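User: I want to learn how to read a few local features in a model. Please take me through them one by one.
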Amino acid sequence: MTSPYKRIIGLTVLTFILAMVPLIVKSPYYMHLLIMVGMNAMLAMTFILMLRAGLISLGIAAFWGIGAYVSALLALRLDLSFWMAMPLSAIITGAVALCIGCVLVKNPGFGFIIETVVLGEIAVLAFAHLPLFGGYKGIVSIPPVDPIHIPFLFSIEFVSKTASYYLILFLFLLVAIGYSAFYSAWTGRAWLAIGLNPRLAESKGVNIYRYRLLAFVVGSAGAGLAGSFYAHYYGAIAPTTFNVFKTIYIHIFAILGGVGFPVLGPIIGAFIMILVPEVLRVAKEIEPIITGLLLILLVLFLPQGLLSLLSRRKKNARPVG
Amino acid sequence: MLKVNKLTKHFGGLVAVNEVDLHIDSSEIVGLIGPNGAGKSTLFNLINGFLKPTSGEVFFEGMDITGFKAHDVSHLGIDQSFQASTLFQRLSVLDNVFIGYHMRYKTKYWKRLLRTPSALKEERAFRKDALEILTFMGLQKLRDEQAENLSHGHQKILGVCMALATKPKLLLLDEPVAGMSPTETETMIELIRKIQEKGLTIVVVEHDMKVIMSLCDRIVVLNYGRKLMEGSPNEVLKSDEVIEAYLGKAEI
Ligand SMILES: Nc1ncnc2c1ncn2[C@@H]1O[C@H](COP(=O)(O)OP(=O)(O)O)[C@@H](O)[C@H]1O
Ligand SMILES: [Mg+2]
C-alpha cells in the first residue's frame with residue numbers, strides 16, 4: 001500500500017506540472033482537448049475507485065449525465081450559480097446512486113455489469129423522453145461558469161480556455177484528494193481486500209455490502225461532479241452523449257494508463273486516447289483501426305497498463321493501494 | 001461455547017451435512033475427522049456464516065447465530081483458516097494480517113479519513129499488534145513479502161495469523177497441515193498448541209492422524225454428513241465403525 005506521504009508528495013508534484021501547462025500550450029484548440037482530458041480522467045478515476053471494490057460499472061456515463069442534467073436544471077430553473085449547482089449536483093447524483101446501489105450492489109459480478117448497462121440505457125431513454133430533460137434535443141443555453149468576484153481585489157472570469165483548464169484542474173485535484181483520502185484510510189484497504197477476495201474479506205469482518213455501496217456512491221458522485229462541469233463548459237447537453245459506449249471509453253482510459261495508478265493512470269490514459277487520434281488526423285478514416293490495434297496490443301502485452309512499465313523495474317513493485 | 005443442534009445442509013439432492021449435533025467447550029481442542037466429502041468443510045461454513053443451513057441451529061456463547069452473515073459471525077468471535085490457503089495474494093504479509101483489525105477501529109470515520117493524530121495512533125497500535133502476531137507465529141521476517149511469494153507452508157501459517165488478527169474466541173482450522181512437509185507439520189502442531197495456551201478454543205479438521213492424536217482432547221467423526229461417533233482419541237481409534245469408514249483408507 002502506497003504510504004499517504006508518498007501520495008501527498010506525488011499529488012503536489014503533479015499539481016505543479018499540470019499548472020504549468022498553459023504557459024506552454026497557447027492554442028485554444030489544444031487547451032480544449034486538455035480540458036477534455038481532465039474531465040475524462042476524472043471519470044476514469046471513478047471507474048478505478050469502484051473497480052477496487054470489485055464493481056465494474058457500465059453506468060458511469062449515466063451518472064455523469066445525471067450530474068450534467070441536474071446541474072443544468074438547477075442553474076436554469078432555480079437560478080443557482082455554478083458554484084451552488086456543482087456541489088449540489090454531485091450530492092444529488094450520489095443520492096441517486098445510493099437508492100439504485102442499494103439493490104444493484106447486492107449481487108456484484110456479471111449480474112451487476114449487465115444491470116448497469118440496462119441502467120445506463122434507461123437513463124438515456126429517460127433523458128430523451130421526459131419533458132423536464134428537453135427530449136432528444138437536450139438542454140441548451142446552460143449558463144457558463146459564473147465568475148468569482150473577490151471584492152476590491154480582482155475577479156476571475158471563466159471565459160478563456162485557460163481559465164476553464166484551471167477550473168477542471170481544480171476539480172480533478174479535489175476528487176483526486178478526496179479519493180486518495182479514502183484510499184489511505186481504512187476504507188481503501190477494505191475495498192482492496194473486497195476486490196481481491198470478497199469472501200475472505202467478509203470472513204475477516206468486512207461488511208462487503210456496505211463498502212461496495214460506499215464505493216458506488218462515492219464513485220458516482222465524482223462522475224456527477226464531472227457532469228456538472230461538462231454541462232456548464234459546453235452550454236448544451238444531449239441524451240446520447242451519456243450512453244454505454246462513453247462508459248466503455250472511460251474504462252479504456254483507465255485500463256490504458258493502468259488501474260493500479262488511481263490518479264496518474266487516468267490522466268495518462270485519457271491524454272493518449274484523446275490526443276493520439278488528433279495526431280493521427282492525417283488518416284481520419286483509419287484512425288479508429290489504429291487506435292483499436294494499439295489497444296489490443298496493449299491489453300496483450302501490458303495488461304497492467306502503460307504505467308506498469310515504470311514500476312516493473314523496481315523489485316517487488318506493487319501497483320496497488 | 002459452541003452448540004450445534006441437528007444442523008442440516010442440502011445441496012440440491014445431496015445432503016452434505018445431516019442432523020449433526022455438536023458441542024464445543026471453552027479452551028478445548030476438538031478434532032473433526034472423516035473421509036473426503038464427509039461434510040467437514042461444509043459444517044465449518046455453516047458455523048462461520050458462509051452457508052445458510054437448510055435446518056438446525058447454531059448457538060455461540062448462548063446466542064442463536066443461525067444464518068448470521070459471515071462478517072457478523074466474525075465480529076462475535078469466530079474465525080477460521082481455510083482448507084485451500086486463502087490469502088490476499090497481492091498484498092504484503094503484514095497487510096494481510098492488518099485486514100483482520102477492520103472491526104476494532106474505535107475512532108470516528110471522518111477522523112480516519114482526515115488522518116487525525118488519534119486515528120494515526122490507533123493505526124500504529126494495530127500495526128504493532130499485527131507484528132506481534134507475526135512474531136508469535138514466526139513470520140516476522142517475511143512481513144513485507146507479497147503473500148503469493150510465500151512457500152506453501154508459510155502461506156498456511158499466514159492464514160492462521162490472519163484468523164488470529166480478528167481476536168477470535170473460537171478458531172476453526174480446516175486442514176492446517178495439508179500439503180506440508182513433516183518438519184513444517186511439526187512447526188504447525190507447535191503453533192496450534194501455543195495458540196491454545198493463549199486460551200483459544202479450537203476445532204481442527206485434519207486427515208493427518210498424527211496431528212489429531214497429538215493435539216486433540218476429543219474427536220468427532222463425520223461420515224456421509226452424519227456424525228458417526230464422538231470420543232477420546234483412543235476410543236475413536238478402537239472403534240470398528242470408524243476404522244471401516246475412515247481409518248481403513250487413510251495412512252496412519
Ligand atoms: N457449494 C457446494 N455446492 C454443492 N455441493 C457442495 C458444495 N460444497 C460442498 N459440496 C458437497 O458436499 C459434500 C461435502 O463436502 P465438504 O464439506 O467439502 O467435505 P469435506 O470437507 O469433509 O471433504 C461433498 O459431496 C461436496 O461435493
Ligand atoms: Mg474439506
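Analyst: Start with a helix pair: H2(A) and H9(A) are roughly antiparallel to each other (the label needs an angle over 145 degrees). This is a predicted model, where local features need pLDDT of at least 70, side-chain atom pairs count only at pLDDT 80 or more, and totals for chains, interfaces and linings use all residues. Residues are numbered from 1 along each chain as written, chains are lettered from A and ligands numbered from 1 in written order, and side-chain values use heavy atoms, without hydrogens and water.

User: At what angle do H2(A) and H9(A) pack, and how far apart are their axes?

Analyst: Two packed helices are described by the angle between their axes and the distance between the axes. Here helix H2 (residues 28-52) and helix H9 (residues 208-234) of chain A pack at about 165°, with axes 7 Å apart. Axes are lines fitted to C-alpha atoms over the stretch in contact, and angles run from 0 to 180 degrees between N-to-C directions. Helices are DSSP runs (H or I, at least four residues), numbered from the N terminus.

User: Which residue classes make up the contact of H2(A) with H9(A)?

Analyst: Contact means heavy atoms within 4.5 Å. A:Met39 and A:Leu43 are among the residues of H2(A) that meet H9(A), whose partners include A:Gly222 and A:Phe229. By class, the contact has 17 nonpolar, 4 polar and no charged residues. Ala, Val, Leu, Ile, Met, Phe, Trp, Tyr, Cys and Pro count as nonpolar, Asp, Glu, Lys and Arg as charged, and the others, Gly among them, as polar.

User: Which residue other than glycine has phi near 45°?

Analyst: B:Glu19 has that positive value. B:Glu19 is partly exposed at 42% relative accessible area (partly exposed lies between buried, under 20%, and exposed, over 50%, with a 1.4 Å probe and protein chains only).

Definitions and conventions. Helices (H or I, at least four residues) and strands (E, at least two) are DSSP runs, numbered from the N terminus. Angles under 35 degrees count as roughly parallel, over 145 as roughly antiparallel, 65 to 115 as roughly perpendicular and the rest as oblique.
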